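Here's a quick walk through one protein model, for reading with the structure open beside you. We'll look at strands, then at aromatic rings.

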Amino acid sequence: MWKSKILLIACLVLTLFGCSNKLEINNLSIEKQPKFGGIYIHSTIEEFNKYGFEYGDSLDFSFSNGYELTDIPYYDGFYMRRNKLLLVAYPGYPYICLSICNGGSMYEQAQVDDTVTVSIKLNEKGKYIDVQNALKMAYTNDRNNYESDEIFTNFRCVEGGNFGPNILYRSASPCDNSYNRAVYTDKLIKEYNIQTILDIADTIEETDDYYNDPNLDCPNWKNLYENNHVFVQELSNDYSSDTFKDKVKNIAQVIIENDGPYLLHCTEGKDRTGFVCILFEALMNYSEKEIIDDYMKTYENYYGINIESDRNKYDAIVETKFKDLIECLTRNTNNLVEAAKYYLLECGLTEQEIDKLIIKLS
């Protein structure tokens, strides 16, 4: 603690004397980000920004094992194309996190362990500020700021194409209340008669903890959980990895073997849910415009961003986030139905299972 205070004072002194281009923090401890394999650097977002670093800055990293990185952007969101590096101060994270956006494990790439330390210094002030400003987004966790429970929880039916009516829904988590949405999602589970839940965010251990938490007032989710109608497949954010594809296979088989309506969710119902929904929508004969419209509905629900309210930001999100997902799916063919089938075959499903999946969703 006293070392952090000394570092903070030193950085503030540098800033006061106009030497912010020399900002540097040395020997911060690290740990592996448990969900996605990023590197948590032991400085909270608030602490790090007090040193004088700002969103949009370019940073250099030197690890005590000899691994080095230069010219890495610092953002408050994942404003990067797939497999690009960034330091992110994502709301809700306990620390700043060095990550590969929608890619593999930064922790493994750097070949670090928790005994390694890292030093960070400013490369260039504000080099990426235009990207930060173009994509900066924030939402509140206060239900009163949203028009409905559905908008607040990003809860909606995936409909159109060859989908059957009221068969597949997507949402934020009905069990992880980190963003104050679980209780509201739980009410919608009953209202929309959800029979099968596909949890692609959590581990079995985590869902057991949610179930045993006496303060979690989610009786509808708990009822489905205790009756084995909640199926847990924790997905990473690396959509092209074999591990991700193995779990997509399991998700598809759950749908084949169980009755709907189905609810698919990650934590926010945004990124991992977004990709799996894009996959199913392509399979069920959505046009690319229909897929974009559903994907971007999340940004309208959470941030109020649509093509009318902020065309520039809307286009930037499509270019930075959506195109990564659709290109991951269509790398072999631009025919969306065939692309989805090809991806599912790569996941290990048979053609007969894919046909059964189509029948269940229709």
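## The five-strand sheet

In what order do the five strands of the open sheet lie? The order is S8-S9-S12-S10-S11, and the pairing is mixed. Strands here are DSSP runs of E with at least two residues, helices are runs of H or I with at least four, and both are numbered from the N terminus. Two strands count as paired if DSSP finds at least two bridges between them. At the edges you'll find S8 (156–157) and S11 (230–232); each has a single partner strand, so one side of each is left without a neighbour in the sheet.

Take a look at S10 (residues 196–199): it pairs with S11 in the parallel sense, over three bridges. Leucine 198 sits opposite phenylalanine 231 in S11.

## What the model is

This is a predicted model: local features need pLDDT of at least 70, side-chain atom pairs count only at pLDDT 80 or more, and totals for chains, interfaces and linings use all residues. Residues are numbered from 1 along each chain as its sequence is written, and side-chain values use heavy atoms, with hydrogens and water left out.

## Strand S1 and its partners

S1 (residues 24–32) pairs with S7 (residues 117–124) in the antiparallel sense, over four bridges. Serine 29 faces threonine 117 of S7.

S1 also runs antiparallel to S2 (residues 39–41), with three bridges joining them. Lysine 32 has isoleucine 39 in S2 as its bridge partner. Together S1 and S2 make a hairpin with six residues between them, and glycine 37 in the turn has a positive phi of about 80°.

## Aromatic pairs

Searching the whole structure turns up 31 aromatic pairs. Rings of Phe, Tyr and Trp (its six-membered ring) pair if their centres lie within 6.5 Å; planes under 30 degrees apart are stacked, over 60 edge-to-face, and the rest tilted. Tyrosine 139 and tyrosine 179 have ring centres 6.3 Å apart and planes at 50°, so this pair is tilted. Tyrosine 139 is in the loop between H4 (129–135) and H5 (149–152), and tyrosine 179 is in the loop between S9 (168–171) and H6 (182–191), so the pair ties together parts 40 residues apart in sequence. Both tyrosine 139 and tyrosine 179 are buried (under 20% relative accessible area, 1.4 Å probe, protein chains only; exposed is over 50%, partly exposed in between).

Phenylalanine 163 and tyrosine 286 pair edge-to-face, at 5.8 Å centre to centre with 85° between the planes.
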